[in-house]
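Try each one before you read its solution.

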Number of protein chains: 2
Amino acid sequence: MPSTPQLPLQRVPAHKVGIIGLGAMGMAMAHNLSRQGYVLAVNDIRPEAQDEAQAAGMVVCESPRAVALLAAVILLVVVNASQINEVLFGEGDKPALVGAGLSGKTVVICSTIAPQDTIAIAQKLAQHGVACIDAPISGGPARALAGTMSMMLAGDPSLLASLEPLFNDLADKRFHISADIGDGAKAKLVNNLLAGINLVAGAEALALGLNLGLDAQKIFKLIEASSGASWIFQDRMARALKDDFAPRAATNILTKDVGLATAMAASIGSPTPLGEAALAHFKETLAMGWGDLDDAAVLKTYLAQSKRHKPAP
Amino acid sequence: MPSTPQLPLQRVPAHKVGIIGLGAMGMAMAHNLSRQGYVLAVNDIRPEAQDEAQAAGMVVCESPRAVALLAAVILLVVVNASQINEVLFGEGDKPALVGAGLSGKTVVICSTIAPQDTIAIAQKLAQHGVACIDAPISGGPARALAGTMSMMLAGDPSLLASLEPLFNDLADKRFHISADIGDGAKAKLVNNLLAGINLVAGAEALALGLNLGLDAQKIFKLIEASSGASWIFQDRMARALKDDFAPRAATNILTKDVGLATAMAASIGSPTPLGEAALAHFKETLAMGWGDLDDAAVLKTYLAQSKRHKPAP
């Protein structure tokens with residue numbers, strides 16, 4: 001027997017919204033909208049995600065296409081471009097989302113993917129009469145759940161304007177980048193490239209302080225209040241110093257983003273020597289088997305690589 | 001005829017304080033203490049600095065030794081370890097600061113130098129009966145003038161306690177690192193390594209955004225409010241986007257600090273791949289002839305290196 005909704009529907013939803021991909025971010029966004037009274041049609045390949053959605057009173061659909069038939073706006077929050085293509089256009093025996101009866105509907109790409117993939121997907125959607133918004137998100141599951149995450153938005157201005165109430169309910173901080181599909185993805189990758197470098201740099205400096213025998217908390221507080229301060233240093237190294245590597249943001253994710261960013265940069269001849277050095281360190285962290293840990297684990301890699309932390313011969 | 005002091009002496013000074021080295025930071029610190037009523041004995045090799053100090057009512061001395069004979073506490077704010085050694089221990093026909101009559105006095109090293117140099121200098125000073133405090137400073141001339149800069153402090157705790165009123169007048173933010181001379185220098189270099197990497201990283205990401213054709217102000221505001229945010233990105237890239245490279249902090253300085261930090265790290269086997277990549281970019285910026293510009297100039301180097309910014313063939 002299905003559970004009843006955990007919260008009453010407090011208002012008439014502005015849109016019938018679909019969400020495909022109920023990972024950490026997608027599920028948090030779904031709970032946030034559901035709590036605000038949206039009628040949500042959702043789909044995920046994992047039964048446990050479907051169960052959680054059903055328990056929260058969402059309309060769980062057996063396929064992405066079923067979501068699209070029910071909803072006017074479909075948010076894609078899957079992991080990468082290959083999953084998006086599979087969901088939208090089908091693969092093997094999996095049915096495509098696109099098809100008859102979807103004309104005038106809008107797909108919103110929230111996943112972080114390469115801008116050329118966003119552009120190609122939007123073009124294919126247009127051939128099926130489906131509109132597309134390029135809307136990568138940022139901020140982590142806690143902020144997604146609170147509706148205080150960030151969204152970078154690119155696409156047709158009048159379509160964006162019509163979706164503004166929904167985006168406002170999803171994300172406190174909205175950055176309108178341009179009218180060109182792909183510019184949202186570009187902006188997201190520029191930011192995440194920098195976040196990735198700042199994270200690895202923070203770990204590099206903190207590991208140096210530890211290797212010098214300095215007090216970890218003193219160095220942390222000094223940097224936090226000084227010219228070396230960064231948002232991601234403060235956020236991640238606070239966890240790392242508590243030896244807390246439970247994944248709020250898994251190393252795999254930022255590794256992927258920094259890889260996408262450096263590849264995008266290389267394709268236009270924009271040099272990223274620090275991005276490449278950071279990517280190498282992320283890959284070393286994956287090689288240690290820490291891809292599913294919180295990305296604060298990049299500190300562990302530095303300590304493992306440091307002479308004084310090696311076992312005595 | 002010497003100028004009269006520009007500000008009245010408002011209180012009896014806690015210490016007779018000397019300052020050697022009236023560059024941007026030393027002069028700002030001197031004005032700050034002078035305004036608070038300190039009787040200052042000062043020295044600089046540049047006549048224009050001596051003139052400015054005299055006009056502000058400071059006691060201008062003809063040599064570092066004369067400063068040391070007048071003052072109980074001598075702040076060294078010269079550029080590097082070689083200048084400190086020259087000032088303290090003499091070179092060629094230049095007289096040494098140390099010598100008879102200085103027993104019980106204290107030298108405070110405010111310059112950013114290698115920790116092994118700080119340790120060696122303190123040991124030589126001790127042989128002459130002169131105490132030493134390791135006290136690198138941070139924050140730039142404007143904050144030095146306002147007394148709101150940062151100081152990293154290491155040395156004998158009772159000596160530090162006795163100097164606390166002076167340090168409080170110099171620096172709002174004081175970080176007591178440890179009782180070990182050299183740990184102040186280590187902490188400063190750890191922070192400045194990170195500041196240097198974050199700066200170059202910020203320029204790398206912003207240059208990528210510009211090369212992608214994104215709006216500079218939108219990218220700046222997005223990063224400022226997102227996971228790529230850092231103190232130095234916000235401070236320096238705001239200037240760079242106004243094409244303002246007037247040096248508040250010359251590229252030469254942070255280049256030197258990052259070089260000292262990576263050398264220190266290499267000496268103990270603590271890996272700094274991002275530090276080395278940032279140092280290479282700083283050196284490329286110096287090779288462009290921009291060492292005396294504000295270190296925001298690292299952005300100019302990225303743009304000069306980018307394909308789309310090269311003149312058409």
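**Exercise 1.** Work out how many residues of chain B are in contact with chain A, and which helix supplies the largest share.

*Solution.* Start with the count: 57 residues of chain B are in contact with 57 residues of chain A, where contact means C-beta atoms, placed from the backbone, within 7 Å. Next, look for the main supplier on chain B's side: α8(B) gives the largest share, 19 residues. (Helices are DSSP runs of H or I with at least four residues, strands are E runs of at least two, and both are numbered from the N terminus.)

A word on the ground rules: this is a predicted model, so local features need pLDDT of at least 70 and side-chain atom pairs 80 or more, while totals for chains, interfaces and linings use all residues. Residues are numbered from 1 along each chain as written, with chains lettered from A and ligands numbered from 1 in the order written.

**Exercise 2.** Check the span of helix α11 (residues 251-267) of chain B, then find what its buried residues pack against.

*Solution.* Second, pick out the buried residues (20 or more other C-beta atoms within 10 Å of their own, all placed from the backbone): among them are B:L254, B:V258 and B:M264. Third, the buried residues of α11(B) pack against α8 (183-211) of chain A, along with α5 (115-127), α8 and α12 of chain B. Finally, step just past α11(B): B:G269 has a positive phi of about 70°.

Definitions and conventions. Contact = placed C-beta atoms within 7 Å. Expected span 1.5 Å × (residues − 1). Buried ≥ 20, exposed ≤ 12 C-beta atoms within 10 Å, placed from the backbone.
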